[in-house]
Amino acid sequence: MTIFTYKDEEALGAVLSVDTAMVIIKVADLDRLRRMQVNRLVVLQSSKAGQYLIGVVQKITRSSVEQELSVEQEGDPIEIESIMPQLNLVRVTLIGTLIDKVGTKENVFRRTLETVPEIDAKCFAVEGDILTSFMRVIANVTDEGQKLSLGHYTLDEDAEAYLNGNKFFQRHAIIVGSTGSGKSWTTARVLEQAAVLPSVNALVLNLHGEYAPMKGDGIKHYRVAGPGDLGNGKGLKDGVLYLPYWLLGYEALISMFVDRSDQNAPNQAMIIAREVVKMKRKFLGEKKADELLENFTIDSPVPFSMDELFQELNRLNTEMIPGAKAGTEKQGDFHSKLSRMIARLENKRTDRRLGFLFQAPVEANELSWLDELSRKLIAGTSLQSDKKGGVKIIDFSEVPSDILPLIVSLVGQLTFSLQQWTLLEKRHPIALFCDEAHLYIPLRSEGDAANEVSIKIFEKIAKEGRKYGVGLVIISQRPSEVNHTVLSQCNNLVAMRLTNAEDQSVVRKLLPDSLGGFGDVLPILDTGEALVVGDASLLPSRVRIKEPNSKPNSGTVDFWDKWSKSSCEDGIVEAVDAWRKQNLQ
Ligand SMILES: Nc1ncnc2c1ncn2[C@@H]1O[C@H](COP(=O)(O)OP(=O)(O)OP(=O)(O)O)[C@@H](O)[C@H]1O
Ligand SMILES: [Mg+2]
C-alpha cells in the first residue's frame with residue numbers, strides 16, 4: 001500500500017533550487033510555512049513515478065522579516081535574497097528515497113538519492129499516521145517483527161519510534177549523554193523489552209548498582225563477591241560471582257603481578273609465563289585430562305594452585321646453585337630478582353577486596369566449574385536451568401577501581417572467547433551492555449597496564465564481535481574519554497543531552513556528514529530525550545524515550561525538599577561500620 005497519497009493542493013511548497021542533497025523550497029503563504037519545523041520530515045515529488053524523496057528541514061526563513069538571507073554552502077554563500085526578496089524559503093537536506101515497490105517488496109526506503117527533485121516539484125509534510133507508517137518502513141519492521149520501541153518522536157508525539165532490534169545489536173550501539181540526561185533509563189527501556197523475549201541473551205556491566213531494581217523473569221542479578229561475601233559459602237546459585245585468577249590471560253596476569261618500572265620486569269614476566277604453564281600442566285596431570293595436556297596454552301582457562309606458584313617463586317628467589325669450583329655455591333639466575341613481584345602477589349592475594357579473584361570457594365578451582373559459570377553468564381533464557389534470566393545484570397560496585405578494567409574486560413574476554421569457540425550453527429547472539437564505559441575502555445591507557453589489557457579486549461570485540469554474534473552497547477557520560485576505535489565501530493547512536501563541548505564534537509563526528517546540523521540540538525535536548533541515528537533507524541530522529549517500567553536507581557536526590565524536612569534518617573553508625581567491613585548489606 002502506498003504511504004504517500006497526497007493531493008496537489010496539500011503541498012506546502014515547491015522546489016526553487018537544487019544542489020545535490022540540498023534543496024530550497026519556496027512556500028507560498030505563511031500558514032503553510034508555519035507547518036514546517038526544523039528537523040521535521042518532508043517528502044518531495046521525484047521525477048520517477050512511485051518514488052519519493054525524503055528530507056529533513058534544516059532552516060526556515062520568512063524573507064520579509066529576515067532581510068539577510070544567505071544560504072551557506074561550503075564556504076560559498078549564495079545570496080538568494082537579492083533575487084527574490086518576497087519569498088518564504090525552507091532549506092531541506094535530502095536523506096533518502098522511498099520507493100513504492102521494488103520487485104515484490106512494497107515501500108522500500110533507501111538511504112541513497114535515486115533521483116534529484118525537479119524545479120517546481122511539490123513538497124509535502126510527513127506527519128501523523130503517515131509519519132507512523134513511514135517510520136515503520138524505516139525501522140524495517142512489521143507489526144510482529146523485530147521492533148524495539150524507544151518511545152515517541154518529539155516532533156510528532158503520535159508516531160511511535162521503533163528501532164530494528166536486529167540492526168541495533170548487530171553492529172554495536174552507543175548511548176551517550178551528560179549525567180542525569182537519561183542514559184540508564186533508556187538502557188532499562190531497551191533491556192526490559194529484550195528481557196521478555198524467550199531466548200534473550202545479554203550481559204549488563206553494572207558499575208554503580210543502578211540497575212538493581214530491575215525485575216522480571218527475564219532478568220537475573222549477579223554481584224562480584226565483595227569482602228563481606230568471602231567464606232560464607234555463597235556462590236553462583238545465590239548470585240555471588242567469583243572470577244578466579246586462573247581465568248586471567250597471560251597479559252592480565254602480568255599486568256597484575258609485574259610492575260613494569262621494576263628493572264627485573266622482563267625476567268619476572270618470563271618466570272610467570274614459565275611457572276604458570278608448569279602449574280597448569282601439573283593440575284591437568286593430576287586430573288588426568290590427557291587431551292587438554294597436549295593442547296593447552298598459558299591463556300587457556302585452566303586452574304592452577306596459587307600457593308604452589310608462590311612457593312616456587314620464593315624458591316627461585318632464594319635459590320643457590322653449585323658454583324664453578326666444587327663445593328662452592330653461588331646465587332641462582334633469579335636470586336633476589338623476584339622479590340618485588342612476590343611482595344606484590346602476596347599483597348593482592350591477601351587483600352579482601354580482591355577475594356573474588358584469590359579467595360574463591362574450593363569448588364571454583366575445578367575444571368567443570370567454568371562450564372557452570374559460562375552457562376550462567378553466556379547462555380540465553382531458554383538454556384538456563386530454570387528457564388529464566390537471559391539478561392544478566394552483573395554488579396561490579398565492590399571491585400576496586402584500579403583493577404576494574406581488568407575484571408570487566410575479563411568478563412568481556414570470557415564472552416568473546418566462548419562465542420568464538422562455539423560452532424557456528426550453535427552460536428547464540430549475546431549483547432554486552434557496558435555502562436560507564438569511559439572507566440574501563442578509556443581513550444588512552446596512560447601507561448596503565450590494566451587499561452591496556454581492557455582496551456585491547458574491547459577493541460577486539462568492537463572490530464570482530466559482529467562475526468561471532470557479540471553486540472556491544474557502550475554507555476557513557478564522557479564519550480570524548482571513551483576509546484575512539486571502539487566508538488568508531490558503533491553504527492547506532494542514541495545521544496541524549498550533552499553539555500560538554502568536547503563530548504559534543506565527538507558525537508558530531510559520528511553523525512553522517514549531511515546531518516552535521518543535527519548535532520546542534522545536543523545541548524538543548526530535554527531529560528529523557530534523544531537523538532537517534534544509525535543502522536537500526538535509517539532516519540535520524542529526535543525521540544522522547546518512554547519511561548521504563550522498572551526504573552533504575554539513578555539516585556536523583558531532591559536536595560531542597562530533603563533539607564526542608566524537620567527530621568531525617570540517621571545512618572551514620574551503620575555507614576562507618578559498612579565502610580570498615582567494606583560491605584553494604
Ligand atoms: N525517559 C525519561 N522520561 C522521564 N524522565 C526521565 C527519563 N529518563 C530519565 N529521566 C529522569 O532523569 C533522571 C536521571 O536519569 P538517568 O539515571 O537515566 O541518567 P543517566 O544519564 O544515567 O545519569 P548518570 O550518567 O549520572 O548515570 C531520572 O531519575 C529521571 O528522573
Ligand atoms: Mg546512569
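Student: Which helix gives the most residues to the shell around ligand 1?

Tutor: A residue is near a molecule if one of its heavy atoms lies within 4 Å of it. Helices are DSSP runs of H or I with at least four residues, and strands are E runs of at least two, numbered from the N terminus. In this predicted model, helix 4 gives the most to the shell, with 3 residues. The shell holds 17 residues, the closest being T179, G180, K183, S184 and S554.

Student: Under what conventions are such features listed?

Tutor: Residues are numbered from 1 along each chain as its sequence is written, and chains are lettered from A and ligands numbered from 1 in written order. Local features need pLDDT of at least 70 and side-chain atom pairs pLDDT 80 or more, while totals for chains, interfaces and linings use all residues; side-chain values use heavy atoms, without hydrogens and water.

Student: Which residues coordinate the magnesium ion?

Tutor: Donors are N, O and S atoms within 2.8 Å of the metal (3.2 Å for Na, K and Ca); water is not among the atoms, so sites may look incomplete. Here S184 (OG) and E210 (OE) coordinate the ion, ligand 2, at 2.0 to 2.6 Å. S184 belongs to helix 4 (residues 183-195) and E210 to the loop between strand 13 (202-206) and strand 14 (219-224), so the pair ties together parts 26 residues apart in sequence.

Student: Is S184 buried or exposed?

Tutor: Buried means under 20% relative accessible area, exposed over 50%, and partly exposed in between (1.4 Å probe, protein chains only). S184 is buried at 9%, and E210 is buried at 11%.
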